[in-house]
Amino acid sequence: MGQSLSEEEKPAPPSHEELVKELCFTPLELYSLKQVFKSLAHHEQRVGYLKEGTIATYLRVPDILGVSPVLFQMVSYIAAFPFLEEAPAVLGLQQMVIVITLMTDRYQRVLRKGAADKTKLLFKSLAVYDRKLSKPAVGTHSGLTNANEQMRNDGQGVDNDELVLAAFDALGHVNPDKQQNMLATHEVMIPGDNFRKLIMLLLLVAPLDPQDRLDSDPIRVTGAGLRCLRTAAESILAAFLDVEQNPGIEYLRFSKVIAGCLPFLFRGLAPFFERFLFSEELDFHQDKGTSRSPTVSPKPKQPMLHDTGSIMNASILSQMSFFIPDYLLFRRLRLLYEGDEDGFSMGSFEAKVFKWKAPTILLVSGTRLRDESGHHNNKSAPAFWASLPPRRFSRGSSGEAERLTFGVYVPEPWKLTHRECFGGENTILFQLEPIHDLFRASSQNKDYISFTRPSASTSHVGVSFGCPLPRPSQAYHRLSMIPLGPVSLMLDSSFEFGCFTHDYTSKGGAFQTSMIRTYNFQERFEIGSVEVWGCGGDAEAKDQAERWAWEAREAEARRRINLGTGDIEADRALLEMAGLVGSNRNGGSMA
């Protein structure tokens with residue numbers, strides 16, 4: 001009896017309005033949202049709501065992406081939180097508050113596990129029900145149905161128990177009935193084509209700040225900019241699935257790739273949706289008693305990229321921001337070295353890069369070398385093949401793509417390598433094309449980065465990441481084979497060829513093995529472009545310029561012999577008396 005009384009006294013689950021009161025918005029933000037909603041809402045039977053086209057237009061989503069239906073499906077599902085069995089929800093004001101709360105990272109109060117719960121919520125909002133995954137079936141087509149409609153037809157939810165309980169537990173409520181009659185996450189998947197469109201949108205919104213407009217840079221969705229956007233999206237999608245073999249992305253793969261390779265993939269959605277919290281009708285410069293204040297021109301922003309390169313573009317920059325903090329990238333990169341302009345040599349590389357006293361990013365792209373017996377335009381290719389160990393793995397990605405792009409985030413200044421490598425556990429080795437992958441530094445050894453110039457005592461020269469240096473006992477023996485690390489990238493001294501190795505069975509070396517490709521592979525390629533970008537602002541650029549100027553003055557002082565007379569003939573006579581020039585000696589010209 002006491003138990004039944006206790007059950008009767010349990011508080012009822014909170015309504016949407018009660019949830020809104022618990023969420024973290026300032027009064028000004030809520031007022032702005034109400035003003036924006038009022039200006040956009042359609043009305044039917046005195047109920048205001050937002051339509052798909054209205055949201056896409058207000059957020060300035062480019063039509064060419066075709067992502068509006070995907071975005072609307074995601075928002076309509078999230079709007080029902082935490083009552084996900086009621087999805088899709090009509091997008092009224094209260095529902096939009098919930099959407100913006102979750103999209104702008106204000107969800108700590110309602111999601112107990114934070115980012116992990118948000119990843120699951122985003123997956124469910126994008127997923128569709130797949131009968132082929134829920135039970136074995138014969139046929140080539142999986143028969144996809146919208147997950148929300150299937151949920152209604154079956155009278156079931158889509159594995160919402162953890163999310164709902166986390167939300168209610170955070171607010172002091174318990175609703176155990178939500179654990180019953182739920183479908184599992186392995187019964188739904190995200191269609192590959194839908195996710196490709198969403199990735200293109202995420203690449204566009206990555207550099208946005210609050211109040212920025214998505215259409216402020218139309219070049220990114222036209223011509224060459226659009227082609228770069230699609231290429232980056234295809235590389236990222238390839239990390240989630242092979243589109244030729246699988247129609248969609250399952251949850252385990254989705255969560256694994258997000259956690260291991262793309263931890264900041266959805267970060268750009270926060271400023272994107274915060275646009276709803278800034279009403280254009282608000283004018284804080286308006287004085288009392290006046291109808292409108294003078295127009296104040298906004299301060300112009302610095303360009304997202306100060307320079308352009310043959311590899312780096314806006315889409316590549318956004319792609320890197322999915323795993324490198326954005327404050328190191330957007331409006332912070334300076335082109336230090338470009339092989340096409342500065343020359344493909346280690347000397348040019350050293351002169352341009354070594355004085356930069358901040359983190360750098362090296363990018364290298366090239367064309368895959370098919371095999372040793374193939375016909376190559378470059379006659380140096382056979383010698384390069386002979387310098388590598390004979391053990392050969394298959395290539396790392398399927399498809400016909402021949403262009404490969406790798407990169408390294410170097411967290412400290414570059415320096416010459418003598419007895420030990422430099423770098424640290426924040427060094428990141430990554431691949432951008434044709435598949436996105438990440439190889440973080442490990443603590444197994446310290447062979448992170450080496451920069452070895454030609455000399456009599458060095459057996460192998462070039463730039464390498466994850467490759468061991470020759471042992472002291474081998475210092476005076478020129479080895480015939482280049483030592484490659486288990487997970488490594490090697491560039492030869494002339495920057496003609498490169499080799500990336502991934503020996504998964506070794507469990508890694510200086511860099512960890514891939515989390516998404518659990519097999520051995522190797523990519524040998526002819527280098528087409530090499531770039532190094534400095535992460536920093538005006539202060540770092542000024543410091544580098546000052547170091548260059550000081551070295552130039554020192555070099556000029558060493559080159560010139562100035563005795564202070566200004567008379568060349570008198571100086572020559574003085575040098576002849578000293579025995580430095582004249583007779584059988586040649587001291588060079590004094591002119």
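Leaving aside neighbours within four places in sequence, which residues is Arg 517 in contact with? The first legend below gives the answer.

**View 1. Arg 517 in the loop between strand 15 and strand 16.** This is a predicted model. Arg 517 lies in the loop that runs between strand 15 (497-502) and strand 16 (521-535). Its contacts, leaving aside neighbours within four places in sequence, are Gly 396, Ser 397, Gln 431, Ile 435, Asp 437, Phe 439, His 502 and Tyr 504. With one of these, Asp 437, the side chain of Arg 517 makes a side-chain polar contact of 2.9 Å. Arg 517 counts as buried because its relative accessibility is 3%, and buried means under 20%.

**View 2. Helix 3 and the elements it packs against.** Helix 3 covers residues 27-40. At 1.5 Å a residue, its 14 residues should span 20 Å, and the end C-alpha atoms are 20 Å apart, so the two values agree. The buried residues of helix 3 are Glu 29, Ser 32, Leu 33, Gln 35, Val 36, Phe 37 and Leu 40. An α-helix has 3.6 residues a turn, so residues three or four places apart point the same way. The buried residues pack against strand 1 (42-44), strand 2 (47-49), helix 4 (52-58) and helix 6 (93-103).

**View 3. Helix 6, a mostly covered helix.** Just after the helix, Asp 105 takes a positive phi of about 60°.

**View 4. Phe 254 in helix 13.** Helix 13 covers residues 251-261 and includes Phe 254. Phe 254 counts as buried because its relative accessibility is 0%. Leaving aside neighbours within four places in sequence, Phe 254 is in contact with Thr 119, Phe 123, Ile 190, Phe 195, Phe 240, Ile 249 and Phe 266. Thr 119 is 135 residues from Phe 254 along the chain, yet their C-alpha atoms are separated by 8.7 Å.

**View 5. Salt bridges.** The whole structure has 10 salt bridges. In one, Glu 350 and Arg 453 meet through their side chains at 3.0 Å, N to O. This pair links distant parts of the chain, 103 residues apart: Glu 350 is in helix 17 (residues 346-353), and Arg 453 is in the loop between strand 12 (449-452) and strand 13 (462-465). Arg 403 forms another with Glu 433, the closest N and O atoms being 3.1 Å apart. Here Arg 403 belongs to strand 9 (residues 403-410) and Glu 433 to strand 10, 30 residues apart. Arg 403 is partly exposed, at 37% relative accessible area, whereas Glu 433 counts as buried at 16%. Salt bridges that share partners also join Asp 193, Arg 196, Lys 197 and Glu 234 into one network.

View 6. The protein chain averages a pLDDT of 79, and 68% of the residues score at least 70. Where pLDDT is low, the predicted coordinates should not be read in detail.

Note on methods:
Residues are numbered from 1 along each chain as its sequence is written. This is a predicted model: local features need pLDDT of at least 70, side-chain atom pairs count only at pLDDT 80 or more; totals for chains, interfaces and linings use all residues. Side-chain values use heavy atoms; hydrogens and water are left out. Helices (H or I, at least four residues) and strands (E, at least two) are DSSP runs, numbered from the N terminus. The expected span of a helix is 1.5 Å times one less than its number of residues. Buried means under 20% relative accessible area, exposed over 50%, partly exposed in between (1.4 Å probe, protein chains only). Contact means heavy atoms within 4.5 Å. pLDDT is the predictor's confidence in each residue, from 0 to 100. A polar contact is a pair of N or O atoms within 3.5 Å; within protein, one must be able to donate a hydrogen and the other to accept it, and residues adjacent in sequence count only if both atoms are side-chain atoms. A salt bridge is a side-chain nitrogen of Lys or Arg within 4 Å of a carboxyl oxygen of Asp or Glu.
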